[in-house]
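Colleague: I am new to this structure and would like a close look at a single part of it. Please take one chain and walk me through it slowly.

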Amino acid sequence: MESGKKQKLLGSLFVNGTLLLLVFLWTIPTLGIFVSSFRNRDDIATSGWWSILPHREWQPVREIDISQAGLDPNGVMEIEGISGTFEEFRAGVETPNGKRITWIGNKRLGKVEVQEEVWTVNWNFTLDNYTQVLGGQDFEFTKSDGTVYVVPGDNMTGAFLNSLSVAVPSTVIPILIAAFAAYAFAWMNFPGRRELFIMVVALLVVPLQIALVPILRDYKALELNGTFLAIWLAHTGFGLALATYLLYNYISSLPRDILESAFIDGASHFTVFTRLILPLSVPALASFAIFQFLWVWNDYLVALIFLGGNPEFELVTQRMAAIVGARGQDWHLLTAGAFVSMILPLAVFFGLQRYFVRGLLAGSVKG
Amino acid sequence: MELLSGTREQKQSLGARILSFISRVLLAISIPLIAFYILYLGFIFLRDSQAPRGIIALVAIVWGVGGVAILYWIFNDLVERLSDSWTTRLLPFVFVGPAMAILAWYLAIPALRTFWISLFDRDGPPDGLNILQLITSDSFVGLGNYVEVFNPGGLMLQAFRNNLMWIVFGSTFSVAFGLIIAVLADRSRMEKVAKSLIFLPMAISFVGASIIWNFIYEYRPAGQPQVGLLNAFVTGLGGAPQAWPQWVDIAPWNNLFLIVIVIWLQAGFSMVLFSAALKGIPGELLEAGRIDGANEFQIFFRIMIPYIQGTLISVWTTIVIFTLKIFDVVWVMTGGQFGTHVIATQFYRQSFTNQNSGFGSAIAIVLLIAVIPVMYYNLKQFREQEAF
């Protein structure tokens, strides 16, 4: 009995320990970005984000004036009873009493610091990164050959609004169209019903790459390229097969007698659809809506192709990818920008997680 | 009944009938025309307006969503004005028609068009020729683009190899981690929190995930303080810092540093599906196994795995298809440099950067052919369901 209990305890320790480790590994990447987005530009560039945790660091306790102490950096010097060359002091020399002497700067204008190792946390948090990323000022940029470029500021606010105007209709339009189609497949009889639904099933896994070149040609012919309508229709087309399939599964499982009694009362299909079916299907509509919203918000390829020619309509993902390309070392901008781009999907995700999971469970593969 | 209605119609004067007919037709034409005109005005406003973005966004949302709803309402109204038998005949197509038209325009027909384009050289089929002239024209290369795609010395070979790595490592580890986490979480008190945190990356875009992981891989020359977690870790252990995904010396294994990102994103997806499947296993089954003296590992491999086999297959195929089409991560992280091109990045590069639409289309067709087994499996499953 005693050993059984012990085994059980060990088992639970193993389960929880492994789980904790995995959760830790999965959370660390996002945590790093999140913490860094609130750190100073210089701090990010010179120390890891984990320096917000307590750690030991050399900090100056006293400064020694070079000229007053009469030091000659070109020879062997004696500072605080320790002798060494300029190069040695530059790297830092530790004294027997646990201090360190470090030469900061160059030979002529430098200074000497006596440092002590202390426990510290690096907590200079700021909101500057966010104001810079969200604001739209121009940004001067000097290349290594001395030429100065002016690049537009990281107008994430504009990109955010653009993403919103793309994502909301691109979510609602396919749902509406798919719901009508799913209703017809489930409750109406018409020639070709089976064949058309087989087409929907077949198209579930078709990769959207197949469509990009022909659709781009059509858009150029129709002068639609770079417009909101173009990208809404594209997302509608690419999301419609899955939407129709999922909504059909749900709508066809609604109890038959509710509809029949409505028809006996003389209701038309349109009335039944808008008054009865849509309200009853809210759970299915919501779960697909979250799916599609996340997909559209996070999409990069479709936006790159159909909105790529129009910088004014740049979306959040394009904006971020552009910052990675042009200023991949500016981590204070990248981290804050990444978080701005994630805030809405994360809110949707946490707010509606239940529906999202339900949608996944009913779902299939998206082309 | 028919006789009665017939006589009533005859009683109406000819003038009244013509008048009502004309007014119906006028109404039927004018309502859509007005609606289309309003929608067109909205479109022009959205395309050309200099209004503040907030207003444009608002108009875009109202116009886009409202426009579609209005179109359905109008067409339904038009069809309902017809006689009953015609309404029954036509109404299904009002409901199902737009969806089918869009699917045909955006996916079904483009597959054929892309195949057609793939038979021509970089500019695609020239305009203004009939089919016979097209086939005999200089730009028609037949299957030449496909020969180039599968040319063992060509640039696609690397992409195929990398994509294979993506499929094998990406799907295996996503499934394995998802399964392990699902099993562990099922027995833990922190199930809810743990699952939410593992699932969280699902909400992050590939571009965002690329930034997150770029920050982990951030490289500083040796001697400088490393701000990237991985290099800080490696130098802390006495190793040399590397720009991991760009480390060509170990190619093709540097692809693994990109694949990790997708495992991080997708493990949550497989975890959720496995978690639901595991909860469906009857408790008596597990209890019976335990009474018979099976240990936890035997229960896992002999009872759980066979029981959730269906879910396992569908999750696996989903992630295989997903990794087959992988684009954003590679494009943002390396742009395909350092030996990391995959099929979809080569497709993009050939079609849009190099403007070689024939070759690009051939690559897209190869992607399509690669998913056909899954399509066939889906259709088979669908046919087996007698419900439809």
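What follows is a walk through chain B, with some notes on chain A for context.

Modeller: Bear in mind from the start that this is a predicted model. I will begin with how chain B is divided. Its domain assignment gives domain 1, covering 15-81, and domain 2, covering 151-355. Between the C-alpha centres of domain 1 of chain B and domain 2 of chain B there are 47 Å.

Next comes the side of chain B that touches chain A. Here 92 residues of chain B are in contact with 93 residues of chain A. Helix α4 of chain B, residues 84-117, gives the most to this side, with 19 residues. Sorted by class, the side of chain B that touches chain A consists of 68 nonpolar, 17 polar and seven charged residues.

Helix α4 of chain B also holds B:Phe115. B:Phe115 counts as partly exposed because 15 other C-beta atoms lie within 10 Å, and a residue is called buried only from 20 or more. From B:Phe115 to B:Ile211 there are 96 residues in sequence and 36 Å in space, C-alpha to C-alpha.

B:Gly293 follows α12(B) and has a positive phi, near 95 degrees.

B:Phe338 has a positive phi of about 60 degrees although it is not a glycine. Its place is the loop between α15 (328-333) and α16 (343-353) of chain B. B:Phe338 has 19 other C-beta atoms within 10 Å, so it is partly exposed. B:Gln355 is not a glycine either, and its phi is positive, about 55 degrees. B:Gln355 sits in the loop between α16 and α17 of chain B. With 11 other C-beta atoms within 10 Å, B:Gln355 is exposed.

α17(B) bends by about 40 degrees at B:Ile372, and a proline, B:Pro373, follows within four residues.

For context, here is the partner chain. Chain A is divided into domain 1 (25-51), domain 2 (54-120) and domain 3 (156-362). The centres of domain 1 of chain A and domain 2 of chain A, taken over C-alpha atoms, are separated by 30 Å.

The last topic is the nonpolar core. The largest nonpolar core has 199 residues, and of these A:Tyr183 and A:Leu247 touch the most other members. Helix α6 of chain A, residues 156-187, gives the most to this core, with 23 residues. Leaving aside residues up to four places away in sequence, A:Leu247 touches A:Ala178, A:Ala179, A:Ala182, A:Ser281, A:Ala284 and A:Phe288. Another core, of seven residues, lies apart from the largest one, and its members include A:Met77, A:Phe89, A:Trp103 and A:Val112.

Notes:
Residues numbered from 1 in each chain as written. Chains lettered and ligands numbered in written order. Predicted model: local features only at pLDDT ≥ 70, side-chain atom pairs only at ≥ 80, totals over all residues. Contact = placed C-beta atoms within 7 Å. Helix = DSSP H or I, 4+ residues; strand = E, 2+ residues; numbered from the N terminus. Nonpolar A, V, L, I, M, F, W, Y, C, P; charged D, E, K, R; others polar. Domains from an automatic or database assignment. Core = buried A, V, L, I, M, F, W, Y, C linked by C-beta atoms within 7 Å. Buried ≥ 20, exposed ≤ 12 C-beta atoms within 10 Å, placed from the backbone. Bend = angle between axes of the 7 residues up to and from the residue.
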